[in-house]
Amino acid sequence: MAIRTAIRRTTTLALFSSVFLGSLTGTGVAAPAASVPQCKGVFRHAVSNVKFARMPNGRLTWSFNLTATAKRNLGSLVNVSMPQAFVSGHEINPPYGPHTRSSSYDFHSSIKSYQRKGSGRNFTIKTNDEISFFWLIKSISHPRSGAYRTITCKVPSA
(Lines give C-alpha, C1' and ligand atoms only; values in the text may rest on other atoms or scores of the structure.)
Protein backbone atom coordinates (compact mmCIF):
# COMPACT_ATOMS: atom_id res chain seq x y z
CA MET A 1 0.00 0.00 0.00
CA ALA A 2 1.74 3.16 -1.12
CA ILE A 3 0.60 6.45 0.33
CA ARG A 4 2.19 9.32 -1.54
CA THR A 5 0.58 12.56 -0.39
CA ALA A 6 -0.40 14.12 2.91
CA ILE A 7 -4.01 14.42 1.72
CA ARG A 8 -4.19 10.77 0.79
CA ARG A 9 -2.40 9.87 4.05
CA THR A 10 -4.97 11.74 6.11
CA THR A 11 -7.86 10.13 4.25
CA THR A 12 -6.41 6.64 4.64
CA LEU A 13 -5.66 7.10 8.33
CA ALA A 14 -9.14 8.48 8.94
CA LEU A 15 -10.63 5.34 7.42
CA PHE A 16 -8.43 2.71 9.06
CA SER A 17 -6.79 3.15 12.42
CA SER A 18 -5.77 -0.51 12.52
CA VAL A 19 -6.90 -3.58 10.64
CA PHE A 20 -6.11 -7.24 11.03
CA LEU A 21 -5.58 -9.14 7.81
CA GLY A 22 -6.08 -12.86 7.30
CA SER A 23 -8.05 -14.52 10.07
CA LEU A 24 -8.39 -11.36 12.17
CA THR A 25 -10.86 -8.57 11.49
CA GLY A 26 -11.56 -5.12 12.85
CA THR A 27 -11.27 -1.46 12.04
CA GLY A 28 -10.92 1.68 14.05
CA VAL A 29 -11.53 5.27 13.14
CA ALA A 30 -8.78 7.82 13.75
CA ALA A 31 -9.53 11.00 15.67
CA PRO A 32 -10.48 14.09 13.62
CA ALA A 33 -7.53 16.35 12.82
CA ALA A 34 -8.66 18.97 15.36
CA SER A 35 -8.32 16.50 18.24
CA VAL A 36 -5.04 14.74 17.46
CA PRO A 37 -3.81 13.35 20.79
CA GLN A 38 -0.38 13.95 22.30
CA CYS A 39 2.21 11.18 21.77
CA LYS A 40 2.37 10.20 25.42
CA GLY A 41 1.07 7.31 27.43
CA VAL A 42 -0.41 4.13 26.02
CA PHE A 43 -2.44 3.88 22.80
CA ARG A 44 -4.51 0.68 23.16
CA HIS A 45 -6.02 -1.27 20.30
CA ALA A 46 -6.92 -4.88 19.40
CA VAL A 47 -3.70 -5.22 17.34
CA SER A 48 -1.14 -3.71 19.71
CA ASN A 49 -0.57 -1.40 22.61
CA VAL A 50 1.94 1.36 21.90
CA LYS A 51 3.48 3.41 24.68
CA PHE A 52 5.06 6.80 23.86
CA ALA A 53 7.33 8.95 26.02
CA ARG A 54 9.31 12.12 25.27
CA MET A 55 12.74 12.19 26.85
CA PRO A 56 14.37 15.36 28.32
CA ASN A 57 16.83 15.38 25.36
CA GLY A 58 13.87 15.68 22.93
CA ARG A 59 13.85 12.06 21.74
CA LEU A 60 10.39 10.46 21.31
CA THR A 61 10.45 6.77 22.30
CA TRP A 62 7.88 4.06 21.68
CA SER A 63 7.28 0.52 22.82
CA PHE A 64 5.08 -1.61 20.51
CA ASN A 65 3.57 -4.78 22.02
CA LEU A 66 1.15 -7.13 20.29
CA THR A 67 -2.00 -7.95 22.26
CA ALA A 68 -2.87 -11.47 23.43
CA THR A 69 -5.49 -11.70 20.66
CA ALA A 70 -2.96 -10.69 18.00
CA LYS A 71 -0.38 -13.16 19.33
CA ARG A 72 -2.95 -15.98 19.24
CA ASN A 73 -3.92 -15.19 15.64
CA LEU A 74 -0.45 -14.39 14.31
CA GLY A 75 1.43 -17.19 16.05
CA SER A 76 4.72 -17.22 17.88
CA LEU A 77 6.96 -15.62 15.23
CA VAL A 78 6.28 -12.32 13.43
CA ASN A 79 8.05 -9.69 11.34
CA VAL A 80 7.28 -6.09 12.33
CA SER A 81 8.30 -3.24 10.03
CA MET A 82 7.44 0.40 9.49
CA PRO A 83 7.05 0.89 5.73
CA GLN A 84 5.83 4.49 6.09
CA ALA A 85 6.10 7.40 8.49
CA PHE A 86 5.24 11.10 8.29
CA VAL A 87 6.19 14.21 10.25
CA SER A 88 3.89 17.21 9.84
CA GLY A 89 2.60 15.96 6.47
CA HIS A 90 6.04 15.12 5.02
CA GLU A 91 6.84 11.50 4.26
CA ILE A 92 10.09 10.56 6.00
CA ASN A 93 12.55 7.69 5.89
CA PRO A 94 10.93 5.36 8.44
CA PRO A 95 12.69 5.28 11.80
CA TYR A 96 12.25 1.50 12.25
CA GLY A 97 13.67 -1.35 10.22
CA PRO A 98 12.12 -4.82 9.93
CA HIS A 99 12.51 -7.10 12.95
CA THR A 100 11.64 -10.81 12.99
CA ARG A 101 11.08 -11.81 16.59
CA SER A 102 8.80 -13.70 18.94
CA SER A 103 5.29 -12.21 18.91
CA SER A 104 5.79 -11.40 22.61
CA TYR A 105 8.84 -9.18 21.86
CA ASP A 106 8.76 -5.49 22.79
CA PHE A 107 9.27 -3.85 19.37
CA HIS A 108 10.73 -0.53 20.47
CA SER A 109 12.61 2.41 19.03
CA SER A 110 12.76 6.19 19.03
CA ILE A 111 13.02 9.25 16.84
CA LYS A 112 14.76 12.57 17.31
CA SER A 113 16.15 13.48 13.92
CA TYR A 114 14.82 12.31 10.57
CA GLN A 115 15.14 12.82 6.82
CA ARG A 116 12.25 13.74 4.57
CA LYS A 117 11.96 11.44 1.57
CA GLY A 118 13.97 12.86 -1.32
CA SER A 119 15.63 15.53 0.83
CA GLY A 120 18.90 14.18 2.25
CA ARG A 121 18.67 16.96 4.84
CA ASN A 122 18.34 16.20 8.56
CA PHE A 123 15.44 17.62 10.57
CA THR A 124 14.70 17.37 14.30
CA ILE A 125 11.28 16.65 15.76
CA LYS A 126 9.82 19.48 17.77
CA THR A 127 6.90 19.99 20.12
CA ASN A 128 3.52 19.81 18.33
CA ASP A 129 4.90 18.15 15.18
CA GLU A 130 2.25 15.70 14.02
CA ILE A 131 3.70 12.24 13.45
CA SER A 132 2.07 9.28 11.74
CA PHE A 133 3.56 5.80 12.01
CA PHE A 134 2.42 2.78 9.98
CA TRP A 135 3.54 -0.59 11.34
CA LEU A 136 3.10 -3.75 9.26
CA ILE A 137 2.99 -7.09 11.07
CA LYS A 138 3.50 -10.25 9.02
CA SER A 139 3.08 -13.64 10.61
CA ILE A 140 5.99 -16.01 10.01
CA SER A 141 4.15 -18.81 11.84
CA HIS A 142 1.00 -18.37 9.70
CA PRO A 143 2.18 -16.91 6.36
CA ARG A 144 -1.32 -15.85 5.24
CA SER A 145 -1.97 -13.82 8.38
CA GLY A 146 -0.89 -10.32 9.26
CA ALA A 147 -2.04 -6.99 10.58
CA TYR A 148 -1.19 -3.34 10.54
CA ARG A 149 -1.33 -0.54 13.06
CA THR A 150 -1.28 3.21 12.52
CA ILE A 151 -1.05 6.01 15.01
CA THR A 152 -1.16 9.76 14.41
CA CYS A 153 -0.29 11.98 17.36
CA LYS A 154 1.42 15.25 18.27
CA VAL A 155 4.90 15.36 19.78
CA PRO A 156 4.56 16.53 23.41
CA SER A 157 6.97 18.91 25.10
CA ALA A 158 10.16 17.35 26.45
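Tutor: Helices (H or I, at least four residues) and strands (E, at least two) are DSSP runs, numbered from the N terminus. By that definition, the protein chain has two helices and 12 strands, and their order along the sequence is α-β-β-β-β-α-β-β-β-β-β-β-β-β. The model is predicted, so that local features need pLDDT of at least 70 and side-chain atom pairs count only at pLDDT 80 or more, while totals for chains, interfaces and linings use all residues. Residues are numbered from 1 along each chain as its sequence is written, and side-chain values use heavy atoms, with hydrogens and water left out.

Let us turn to Asp-129, which is found in the loop between strand 10 (122-124) and strand 11 (130-139). Buried means under 20% relative accessible area, exposed over 50%, and partly exposed in between (1.4 Å probe, protein chains only). Asp-129 counts as buried because its relative accessibility is 4%. Of the 158 residues of the protein chain, 41% count as buried.

Next come the partners of Asp-129. A polar contact is a pair of N or O atoms within 3.5 Å; within protein, one must be able to donate a hydrogen and the other to accept it, and residues adjacent in sequence count only if both atoms are side-chain atoms. The side chain of Asp-129 makes such a contact with the side chain of Ser-88, at 3.3 Å. A polar atom of the Asp-129 side chain also lies 2.9 Å from the backbone nitrogen of Lys-126. In a wider sense, contact means heavy atoms within 4.5 Å. Apart from neighbours within four places in sequence, Asp-129 is in contact with Val-87, Ser-88, Tyr-114, Thr-124, Cys-153, Lys-154 and Val-155.

A nonpolar core is a set of buried Ala, Val, Leu, Ile, Met, Phe, Trp, Tyr and Cys residues joined through side-chain atoms within 4.5 Å. The largest such core has 31 residues, and Ile-131 is one of those that touch the most other members, as are Phe-52 and Trp-62. Among the elements that give two or more residues to this core are strand 11, strand 5 (77-87) and strand 12 (146-154). Strand 5 supplies the largest share, five residues. In soluble globular proteins, nonpolar side chains tend to be buried together.
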